[in-house]
Amino acid sequence: MNLTTTTSSFFRNRNIILFLLASIQFIYTLDLMIMMPLGSFLITSWNITTNQFGLLISSFAIAGGCSSFMAVFFIERYDRLKALFLIFACFTVGLWLTSFAPNYEVLLFSRVFTGIFGGLLGPLILAEISLQFEYSKRSKPISITTIALALASIIGVPISLYLAQLDTWRLPFILLSIMSTLVGAMLYFIDSNKKQEIDRKKKISLTSFLTEWKPLSGLLVTISVSLSQYTIFIYLAPYFVHNLGITEEELSLIYLVGGISVMVFAPIIGFLSDRYGKQRVFILLSTFLTGPIYLVSHWSFSFFQHILILSIFYFGLDAGRMIPINTILSELTGEENRTAYLNLCSSIKKMAIGSAALIGSLVIHTLPNHQLLYFDQLGIIALLSITISIVLVLRIKM
């Protein structure tokens, strides 16, 4: 076997493809997450307001949601790996623009630019995994990308904050840009063993996704799962600090332990989903999750250790159930419409997250001492959303 053949086989190995897909997931997640804790550095160094900083965060998410929706109508006309490379290349350009933005206006533009292309990465990653791995063995590789997401939280964010303290807020983005460039260079040489059929004139109609039960049920599940996740999660940190008296150091430990629990739970859940069925595992995990959600939203804990133990199960089960549900979503349409459908799910998920934040702002009242009133009602909304998601998944015939 000559060197050319060996190199070609290496870049067509689906485990190498999976590694690169997980790397892209890690980079995208870290880019999304590190901007928030770096806010204090930006506000101080550039003398911007908290509203201006908030616009940097929201513009990224809004741009991603809009691009995901627009991609529904044309993304199926292109080869997935080639589209992934071009989109990730543009995303990398956005990272470099962020790293060297000379003023706030350029930084805002770079975040919108990065968000537009970053919003397309998740659906393409899931669609490519669906192409490489048959449905019966798909949850395990999806769990790998979930581990990459957890790594971004428990390793990437603390390291980024440390680097920012050593130099400036730019250093974490520069290193992330270098990493993204290297992964993109490897992605350029990747060639899939499995090819999709491409119709350059293909037109996607939303009607088919909204009138057939299987794809429609997936969209409804996406909404209910997102609401059950983020209705509480968005306000969890201030609730822990101001209502339960958790210190900032203890809060960091909670999220660190939560991220580790996701890394431990993810491969186990991926294995169980492939072995015993995605729907069954999702229903069991969702049922078990109702306990931690009720406790975290209704009980007043006296000991930090109790909150820490509860967080292990809350984070692990909440993130873990996304493995079987993402696997189910990847099989609700045919191969020819899969990327478009997953982009639609991604867009709807972002709108559902925004709705969860809005619901929380309408329900919760902040007392003068900063305690959150009616947080328990958010727990009830989350529990109702979980129940709806279970009923919907039970009605899906795979």
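The accessible surface of the protein comes to about 18,200 Å², and carbon and sulfur atoms account for 68% of that area. These values come from a predicted model. Of the 398 residues, 51% count as buried.

**Overall fold and dimensions**

- The secondary structure consists of 17 helices and two strands.
- The radius of gyration is 21 Å, close to the 21 Å that the globule rule gives for 398 residues, so the protein is as compact as a globular protein of that length.
- Taken along the principal axes, the box filled by the C-alpha atoms is roughly 65 × 55 × 40 Å.
- Counting contacts between residues at least 6 apart in sequence, 84% join residues at least 24 apart.

**Packing of helices α12 and α13**

- Two packed helices are described by the angle between their axes and the distance between the axes.
- Helix α12 covers residues 248-276 and helix α13 covers residues 278-298; their axes come within 7 Å and cross at roughly 130°.
- Angles of 65 to 115 degrees count as roughly perpendicular and those over 145 as roughly antiparallel, so α12 and α13 are oblique to each other.

**Residues at the α12–α13 contact**

- From α12, the contact takes in Ile 269, Leu 272, Ser 273, Asp 274 and Tyr 276.
- From α13, the residues they meet are Lys 278, Arg 280, Val 281 and Leu 285.
- By class, the contact of α12 with α13 holds five nonpolar, one polar and three charged residues.

Technical notes: Residues are numbered from 1 along each chain as its sequence is written. This is a predicted model: local features need pLDDT of at least 70, side-chain atom pairs count only at pLDDT 80 or more; totals for chains, interfaces and linings use all residues. Side-chain values use heavy atoms; hydrogens and water are left out. Axes are lines fitted to C-alpha atoms, for helices over the stretch in contact, and angles run from 0 to 180 degrees between N-to-C directions. Helices (H or I, at least four residues) and strands (E, at least two) are DSSP runs, numbered from the N terminus. Angles under 35 degrees count as roughly parallel, over 145 as roughly antiparallel, 65 to 115 as roughly perpendicular and the rest as oblique. Contact means heavy atoms within 4.5 Å. Ala, Val, Leu, Ile, Met, Phe, Trp, Tyr, Cys and Pro count as nonpolar, Asp, Glu, Lys and Arg as charged, and the others, Gly among them, as polar. The radius of gyration is taken over C-alpha atoms; the globule rule is 2.2 Å times the number of residues to the power 0.38. Buried means under 20% relative accessible area, exposed over 50%, partly exposed in between (1.4 Å probe, protein chains only). Accessible areas come from the Shrake-Rupley method with a 1.4 Å probe; for residues, only the protein chains shown count as cover.
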